[in-house]
Every structure is written in structure tokens, then in C-alpha cells.
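Here is a short note for someone opening this entry for the first time. Please keep the viewer open while reading.

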Amino acid sequence: MTRWYRERKREHFYRAAKKEGYRSRAAYKLKQIQNRFHVIRKGDVVIDFGAAPGGWSQVAREIIGEKGLVVGIDLQPIKPIKGAIFIVGDITKKETIEKIKEKIGNKKVDVIISDMSPNISGNYSLDHANSIWLAENALDFAKKFLKNNGNFICKVFEGELLKEFLNKAKADFEVVKLHSPPASRKSSSEIYVIAKIFKKTEGGAEEIEQSDNG
Ligand SMILES: C[S@@+](CC[C@H](N)C(=O)[O-])C[C@H]1O[C@@H](n2cnc3c(N)ncnc32)[C@H](O)[C@@H]1O
């Protein structure tokens with residue numbers, strides 16, 4: 001793909017996002033993943049890691065409809081979206097996990113989506129390792145809170161640690177695939193792990209306690 005074509009494509013999704021009222025071009029990546037893999041369903045409870053500025057949460061909200069719930073978490077604050085709850089926090093920190101637990105109360109988590117990116121240092125090995133670290137935190141959360149047969153999507157930067165991460169995901173999900181949606185830049189090293197049908201083991205998932213704040 002030529003540089004000219006890449007830039008046209010980027011511009012295309014930027015314009016489309018502006019026109020259709022999405023907060024990010026990234027929204028189209030989730031739409032494309034959803035069209036192909038059907039990870040989110042109407043009425044689902046969806047946890048969105050790295051949700052700012054809110055494009056994926058908007059798309060998730062459209063799919064789940066009025067009866068579903070999106071809980072989005074990011075280091076950055078996010079402007080409100082009807083039917084979504086946002087938490088400002090670092091998902092690698094225990095206190096953030098506690099806040100998420102409070103918000104979901106006793107609801108079952110159907111899907112976890114993560115588009116988190118680490119701060120880019122420019123040192124590829126470091127950026128890759130940081131991306132895998134974020135992905136591992138998202139996967140650990142999924143293993144604790146996802147309901148049986150739930151789904152998980154996670155962005156990672158490709159590199160030598162990816163295989164081990166995939167093996168960890170394969171241990172608990174029936175289907176694990178790598179996918180690069182057309183809206184991802186071809187020059188980008190990002191790729192999405194699509195993990196479907198969580199096999200919840202006895203005692204493997206943390207019970208979500210009823211919360212007064214949920
Ligand atoms: C590419 S953006 C997400 C775009 C979003 N999916 C959308 O469509 O609007 C990546 C986000 O990951 C967030 N992030 C990075 N590390 C994080 C962490 N430890 N905890 C929570 N969010 C994190 C960043 O703040 C950033 O907003």
C-alpha cells in the first residue's frame with residue numbers, strides 16, 4: 001500500500017467519524033471487528049478499557065441498546081455518553097478494579113474490550129513490552145470477572161512476547177484469533193486479539209458482591 005493511499009484511508013475514517021458523530025477514528029475498528037466476529041450482543045454488559053475519548057463506548061452502546069451497560073475506564077476523563085458509566089483510573093491499580101466492581105454491582109460481565117495503548121517511547125521493544133503488560137492486566141481482569149461464554153477483545157503491539165500472551169488467552173477461551181481491521185493503519189504494529197467463549201473454571205472467577213453504589 002502506498003503512502004498516498006494510506007493517508008487517504010486515514011483521512012477517510014477521520015472524515016467519516018466527524019460526519020457520523022464518533023469521537024475517534026478507532027470507532028471504525030470496533031465496528032469492523034464486530035461485523036466480522038459478533039463479539040457484543042444486545043443487552044450486554046461491556047467493560048471498555050482505555051475508553052477515552054469514547055469512540056468504542058459509543059459503538060458498544062449502539063450495539064447493546066437501552067438494556068445494556070458500558071463501563072469505560074481510562075487514565076483520561078471522558079465526556080458523558082448516555083447509557084455509559086466512566087471511571088478515571090489506571091486499570092493496573094487495585095483501587096481502579098475496586099471502583100469497577102462497585103459500578104458493575106452484581107451484574108454479569110458479558111464482554112471486555114480493550115483498546116489501551118501505552119505511552120509511546122519510540123523504543124519498540126519497550127513499547128511492545130508495555131503494550132503486553134496492559135493486555136495481561138486486561139486478561140487477568142477478564143479471567144476474574146467475565147461470565148462463562150463471555151468474549152474479550154484486546155489491542156496489542158506485535159512482537160516477541162505476543163505468542164506467550166496468546167497462549168495464556170488460549171488456556172481460557174475456546175477461540176483465539178489475531179485480526180487487523182481495515183481501519184487500522186497498515187504501517188501500524190497494532191493487532192487485535194479476538195478471544196471468544198470464555199471457559200470459566202469452578203472457583204476461577206471472583207464473585208461480584210452486591211454493591212450499594214452500583
Ligand atoms: C487509542 S486510545 C483508545 C481510543 C478509544 N478506543 C476510542 O475509540 O475512543 C488508548 C487509551 O488507552 C488509555 N490507557 C493507557 N494505559 C492505561 C491504563 N493503564 N489504564 C487505563 N487506560 C489506559 C490511554 O489513556 C488512551 O486514552
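Where is the place of P53?

1. Start with that question. P53 lies in the loop between strand 1 (45–49) and helix 3 (55–64). Keep in mind that this is a predicted model. The peptide bond joining A52 and P53 is cis. Its omega is about 0 degrees. In general, most peptide bonds are trans.

2. Next, the overall fold. The protein chain has 6 helices and 7 strands. Read from the N terminus, the order of elements is α-α-β-α-β-β-α-β-α-β-α-β-β. The radius of gyration of the protein chain is 17 Å, close to the 17 Å that the globule rule gives for 214 residues, so the chain is as compact as a globular protein of that length. The C-alpha trace spans about 55 × 40 × 30 Å along its principal axes.

3. Now the ligand site. The ligand takes up the space of the largest pocket. Around the ligand stand 20 residues. The closest are S24, G55, D74, D90 and D115. By type, the shell divides into 9 nonpolar, 7 polar and 4 charged residues.

4. Look at the polar pairs in turn. Which atoms of the ligand do they involve? For D74, a polar side-chain atom lies 2.6 Å from an oxygen atom of the ligand. For G54, a backbone N or O atom is 3.1 Å from a ligand oxygen atom. For D115, an N or O atom of the side chain lies 2.8 Å from a nitrogen atom of the ligand. Taken alone, the ligand exposes 610 Å², and the protein buries 86% of that.

5. What is the phi of N149? The value is positive, about 75 degrees, although N149 is not a glycine. In general, most residues other than glycine have a negative phi. N149 is found in strand 5, which covers residues 146–157.

6. To inspect by eye, begin with the cis bond between A52 and P53. Then go to the ligand in the largest pocket. Finish at N149 in strand 5.

Conventions:
Residues are numbered from 1 along each chain as its sequence is written. This is a predicted model: local features need pLDDT of at least 70, side-chain atom pairs count only at pLDDT 80 or more; totals for chains, interfaces and linings use all residues. Side-chain values use heavy atoms; hydrogens and water are left out. A residue is near a molecule or strand if one of its heavy atoms lies within 4 Å of it. A polar contact is a pair of N or O atoms within 3.5 Å; within protein, one must be able to donate a hydrogen and the other to accept it, and residues adjacent in sequence count only if both atoms are side-chain atoms. Accessible areas come from the Shrake-Rupley method with a 1.4 Å probe; for residues, only the protein chains shown count as cover. On a 1 Å grid over the protein atoms alone, a cavity is a set of points where a 1.4 Å probe fits but cannot get out, and a pocket is an open set with protein on both sides within 12 Å along at least five of seven lines; lining residues have an atom within 4 Å of a point. A molecule sits in a cavity or pocket if more than half of its atoms lie within 2 Å of its grid points. Ala, Val, Leu, Ile, Met, Phe, Trp, Tyr, Cys and Pro count as nonpolar, Asp, Glu, Lys and Arg as charged, and the others, Gly among them, as polar. Helices (H or I, at least four residues) and strands (E, at least two) are DSSP runs, numbered from the N terminus. The radius of gyration is taken over C-alpha atoms; the globule rule is 2.2 Å times the number of residues to the power 0.38.
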